[in-house]
Amino acid sequence: HNCHYFNQSDCLSCEGLGVGLAAWRTKSLEEMQGLIQSEHWSGPTLCSTAFGSRNKAKFAVGGTILDPKLGRFTSSGEVIDLKDCSLYSPAITKIIPSLYEWINEYKLHPYDVSSKSGELKTIIVVEGIEGSLMIRFVVRSKESLDRLQKLAKSIAMTRPQDVVSLNLQPQAKAILEGDEEIVLSELSTLRLSYNDIILKLPTQSFVQTNHEIASKLYLKAKEWTRDISGNILELFCGIGGFSSHLIQDNRKVVGIELSASAIEAAKSSIPGASFIAMDAWEYIKTSETFDLIVVNPPRRGLGKDICQKIVQLKPKYLLYSSCNPQTFAADLNFLGYKISRIEAFEMFPLTNHWEVLALLTLQD
């Protein structure tokens with residue numbers, strides 16, 4: 001695959017383009033398996049296509065109303081335009097030209113980092129079922145609210161299945177989004193499908209970037225744990241990706257997540273499990289024991305406190321889904337569980353980010 005952004009060093013995030021996909025996969029997997037040593041590594045789950053695989057896009061906005069740029073920030077705060085990036089799914093790729101037109105037509109002033117002026121900072125797009133999209137405009141203030149409301153009405157005329165919102169991020173810091181979100185469309189959640197299970201995504205909830213690999217990850221979790229019965233706890237459950245796949249007759253499944261909107265969405269789409277909006281640490285401090293604890297923490301990992309508490313609870317099994325091998329390796333040291341099964345999932349082809357799933361067993 002020939003990428004002119006990579007060739008001209010405008011964007012080097014797909015590091016694997018320099019060596020070719022097959023060689024890159026071997027190299028990046030070997031590095032990770034060097035970090036997390038186990039004789040139980042199984043072959044990786046690879047993405048069916050390196051390009052067109054991302055179902056979530058975060059476009060940094062720069063330039064001017066007449067000549068907007070959508071792409072990524074350089075270290076100096078400039079935005080490099082990446083309108084032809086081939087990583088995104090067909091549905092997201094198709095909407096990109098409209099994003100440029102809307103900035104122009106609805107006078108959405110791109111934010112300028114150096115002068116701290118302008119309004120529109122980022123546009124976040126997520127793909128749902130049947131080509132539906134969630135389109136979130138991250139802005140500095142409510143200055144453009146009326147115009148964005150008009151834009152949302154206009155989008156609804158041709159795309160009634162889309163979720164459109166304004167996210168308020170007033171700080172001059174490099175924070176992707178703020179706490180306040182105003183939904184501008186009729187619908188407030190995007191429907192996603194994983195292995196024919198329909199989940200609902202609210203605007204500020206986490207979603208994996210690659211639907212194909214996320215589906216395979218959840219299925220593998222189901223397969224590896226199918227003989228474990230009893231009480232199951234999922235920490236950092238989000239909208240219920242793992243929990244929805246772990247429901248069986250001989251189990252009680254509980255999901256814990258700090259985001260109240262994610263928990264509401266999980267409750268409405270997965271009636272077979274219990275969901276509680278609560279901090280993971282606060283919950284396990286006083287929780288009873290579980291037969292299996294599932295964790296899918298953010299990049300920072302679980303950390304010492306949560307690991308020590310899990311060790312005290314002594315679940316027979318732990319299922320750990322990690323997006324950061326470094327923090328996963330650190331957590332493994334705190335936990336002292338042994339790896340029974342471990343596999344890498346190619347969530348971000350051509351980068352060195354792999355999602356790792358490991359089934360850990362309590363040592364006697």
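Contact means heavy atoms within 4.5 Å. Helices (H or I, at least four residues) and strands (E, at least two) are DSSP runs, numbered from the N terminus. Axes are lines fitted to C-alpha atoms, for helices over the stretch in contact, and angles run from 0 to 180 degrees between N-to-C directions.

The model is predicted: local features need pLDDT of at least 70, side-chain atom pairs count only at pLDDT 80 or more, and totals for chains, interfaces and linings use all residues. Residues are numbered from 1 along each chain as its sequence is written, and side-chain values use heavy atoms, with hydrogens and water left out.

**View 1. Helix H7 lies across strands E11 and E12.** H7 covers residues 260-269, and E11 covers 251-257. H7 runs at about 165° to E12.

**View 2. Seven strands form an open sheet.** Their order is E12-E11-E10-E13-E14-E16-E15, with mixed pairing. Strands pair if DSSP finds at least two bridges between them. E12 (274-277) and E15 (338-345) are the edge strands, each pairing on one side only. From one strand to the next, the twist averages 15°.

**View 3. Strands E13 and E14 pair in the parallel sense.** Four bridges join E13 (residues 292-295) to E14 (residues 317-322). Ile293 has Leu318 in E14 as its bridge partner.

**View 4. Helices H9 and H10 cross at roughly 40°.** The axes of H9 (residues 303-313) and H10 (residues 325-335) come within 9 Å. That makes H9 oblique to H10. Gly303, Lys304, Cys307, Ile310 and Val311 in H9 meet Asp331, Phe334 and Leu335 in H10. Oblique angles are those left after under 35 degrees (roughly parallel), over 145 (roughly antiparallel) and 65 to 115 (roughly perpendicular).
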